[in-house]
Amino acid sequence: VAVGYAEPGGSGVYVIPEKITYSDVEFSVIRIDFMAFSTWGIKSVTIPPSIELIEPAGFWNTSYERIETIIISDSPKVLDCTCISGTVNNTYTGQFGTTQCKNVYIGRDLKYDPFYDDDYNLPYEPFFGLNTLENIEIGEYVTDITHLERTDLSNLKGFTLHAATPPAITATTFSNLQYLTLEVRVSNEIARNMYKKFGFREVALRKFYYGNEDGILMEKQVM
């Protein structure tokens with residue numbers, strides 16, 4: 001089953017269900033359809049773990065009235081974002097490139113590599129085309145965030161990492177950050193010491209953050 005929201009109105013906060021019932025039959029929601037979120041008045045969209053694919057232009061031209069927040073829920077499954085979205089300054093963007101969102105939570109790895117911009121020879125990374133991101137959070141299942149490298153992060157103020165193992169990253173990905181934060185298990189002394197070597201300091205204890213185990217919030221000032 002594909003999902004889409006064609007009409008504006010309501011609170012503007014959309015949480016896509018993992019399952020829907022039609023004529024007493026239950027269906028799993030597995031993709032976001034063509035131009036599903038192309039209307040005005042959308043404040044936030046939460047993408048559940050059941051979504052496997054976002055069709056072309058799933059978030060087309062939402063920059064007329066930006067989506068403030070995109071939440072890609074935690075999942076070990078890869079989300080296929082290979083299809084392009086729309087254009088910014090006559091250049092094709094990635095799947096979320098026209099949303100102009102400020103806040104994003106990435107809870108799973110994102111597939112994006114097969115498509116390229118013929119004029120600039122750039123891959124259509126999911127957030128390519130954005131220049132408005134202020135806060136990014138990375139979930140524990142994420143292993144690679146190099147897809148953010150070509151995204152304009154000049155307005156980025158905060159980056160929070162929840163992953164137990166640092167995801168793949170390049171030196172240029174976060175050149176404009178003011179601070180970095182992450183959580184680590186109390187018992188993971190190897191990771192805690194490694195982060196300290198990279199300049200992080202322990203700033204708070206988060207009780208039962210990992211269910212039956214506490215987490216430690218660590219922070220590093222970078223600007």
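Two strands pair if DSSP finds at least two bridges between them. The model examined here is predicted. Strands β3 and β4 run antiparallel and are joined by four bridges. Ile20 lies in strand β3. Its bridge partner in β4 is Phe27.

The two strands form a hairpin, with two residues between them. Ser23 is found in the loop between β3 and β4. Ser23 is not a glycine, yet its phi is positive, at about 55 degrees. Asp24 is found in that loop between β3 and β4 as well. Asp24 also has a positive phi, of about 65 degrees, although it is not a glycine. Ser23 counts as exposed because its relative accessibility is 57%, and exposed means over 50%. Asp24 counts as exposed too, at 78% relative accessibility.

Strand β3 spans residues 19-22 and strand β4 spans residues 25-28. Each of these strands supplies at least two residues of the patch. Ile20 has a relative accessibility of 32%, so it counts as partly exposed.

The largest nonpolar core has 42 residues. Those with the most contacts inside it are Ile32, Phe37, Ile47, Phe59, Phe96, Phe127 and Ile136. Several elements each supply at least two residues of this core, among them β6 (44-47), β8 (69-72), β12 (103-106) and β16 (135-138). Strand β18 gives the most to the core, with three residues.

A disulfide is a covalent bond between the sulfur atoms of two cysteines. The count in this model comes to zero disulfides. Cys81 counts as buried because its relative accessibility is 0%. Cys101 is likewise buried, at 0% relative accessibility.

Charged side chains were considered next. Side chains of opposite charge can pair when their charged atoms come close. The count comes to seven salt bridges. In one of them, the side chains of Arg192 and Glu202 meet, with an N to O distance of 2.8 Å. This pair links distant parts of the chain. Arg192 is in helix α1, and Glu202 is in strand β19 (residues 201-206). The two are 10 residues apart. Arg192 counts as buried because its relative accessibility is 17%, and buried means under 20%. Glu202 has a relative accessibility of 31%, so it counts as partly exposed. Arg192 and Glu202 also belong to a network of salt bridges that includes Lys196.

A further salt bridge joins the side chains of Glu219 and Arg201, at 3.6 Å from N to O. This pair too links distant parts of the chain. Glu219 is in strand β20 and Arg201 is in strand β19, 18 residues apart. Glu219 is buried, with a relative accessible area of 19%.

The side chains of Lys207 and Asp214 meet in another salt bridge, at 3.3 Å from N to O. Lys207 is exposed, with a relative accessible area of 53%. Asp214 counts as buried, at 17% relative accessibility.

Pro76 has its place in the loop between β8 and β9 (79-80). Pro76 counts as exposed because its relative accessibility is 65%. Pro76 and Gly139 are 63 residues apart in sequence. In space, they are 10.0 Å apart, C-alpha to C-alpha.

Technical notes: Residues numbered from 1 in each chain as written. Predicted model: local features only at pLDDT ≥ 70, side-chain atom pairs only at ≥ 80, totals over all residues. Heavy atoms only, no water. Buried < 20%, exposed > 50% of the residue type's maximum accessible area, 1.4 Å probe, protein only. Disulfide = S-S within 2.5 Å. Core = buried A, V, L, I, M, F, W, Y, C linked by side-chain atoms within 4.5 Å. Salt bridge = Lys/Arg side-chain N within 4 Å of Asp/Glu carboxyl O.
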